[in-house]
Every structure is written in structure tokens, then in C-alpha cells.
Amino acid sequence: MKNWPSGLTTLLNADPQQLIWGDLYTFTLVDGTVLRFTSYDADITVGGHTWTRVGANITRSQLTFTRGTEVDTMDLTITDDGSTTINSIGLLKAIAAGALDGSTCE
């Protein structure tokens, strides 16, 4: 059984129209460049950092949560309308050229 703060229970039992749900992805490239994208349909700013929707759309596979040291995997699917760039190169072209090789994703 997982425990969480009682405030979370209250929030989840509140009007679902007030909840905003979006995944936040932070990619840190090998050269230190940080890219932040969200799956939500608008930009989200938290703690002074903005995760952008722009033209990038990231979807993920289902996650499972277990106790112990079992490692789960997650697949990301990235699409773009051509407006997102990494170092002035279109996002998908940059990925194909290896821009995300060796990067971390949180």
C-alpha cells in the first residue's frame, strides 16, 4: 500500500474540472542544454521553469508502480509540427542526427 498526504485525497475528490493533468519532460543534453516539454495543451510554469507545448507532442506508454527494486520501462513517442528546434535544427531532424544521444530525461 502506498501512502500519500491527505491533501491529495481531498484534491482528487474535488471537482475534476479544476484538475490539470500533463506530463512534464526535462531533457538535459550532453552539452548541458536543457529542453522542457509538456504533454498538456498549453505551456506550464512551475518553480520558475517553463515546460513548453509549442509543436512538440510527447506521449508515453503506461507506467506501473511496484515496491522494491524492480525497474520499469517507458516508451516515449515524440511528434512535432516543425516549429520546435534544437540549436536551430528542427526537433525531429535533430533527434535523428543524434541530438538526444546520451541525454537524460526526467
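How many positive and how many negative side chains does the protein chain have, and how far apart do the centres of the two sets lie? After that, please look closely at Asn87: in which loop does it lie?

Reply: This is a predicted model, in which local features need pLDDT of at least 70 and side-chain atom pairs count only at pLDDT 80 or more, while totals for chains, interfaces and linings use all residues. Residues are numbered from 1 along each chain as its sequence is written, and side-chain values use heavy atoms, with hydrogens and water left out.

The protein chain carries 6 positive and 12 negative side chains, with the centres of the two sets 4 Å apart; Lys and Arg count as positive and Asp and Glu as negative, His and the chain ends not being counted, and each charge is placed at NZ of Lys, CZ of Arg, CG of Asp or CD of Glu.

As for the overall form, the radius of gyration of the protein chain is 16 Å, whereas a compact globule of 106 residues would have one near 13 Å (taken over C-alpha atoms, the rule being 2.2 Å times the number of residues to the power 0.38). Of these 106 residues, 20% count as buried, where buried means under 20% relative accessible area, exposed over 50%, and partly exposed in between, with a 1.4 Å probe and protein chains only.

The secondary structure comprises 2 helices and 9 strands, that is, DSSP runs of H or I with at least four residues and of E with at least two, numbered from the N terminus. Three of the strands form an open antiparallel sheet in the order S2-S1-S9, with S2 (34–38) and S9 (104–105) as the edge strands, each pairing on one side only; two strands pair if DSSP finds at least two bridges between them. S1 (residues 24–28) and S2 are joined by 5 bridges, and Thr28 stands opposite Val34 in S2.

Now to the part you asked about. Asn87 lies in the loop between strand S7 (85–86) and strand S8 (89–90), and Ser88 is found in that loop between S7 and S8 as well. Most residues other than glycine have a negative phi, yet Asn87, which is not a glycine, has a positive phi of about 50 degrees, and the phi of Ser88 is near 70 degrees, also positive. Asn87 counts as exposed because its relative accessibility is 56%, and Ser88, at 72% relative accessibility, counts as exposed too.
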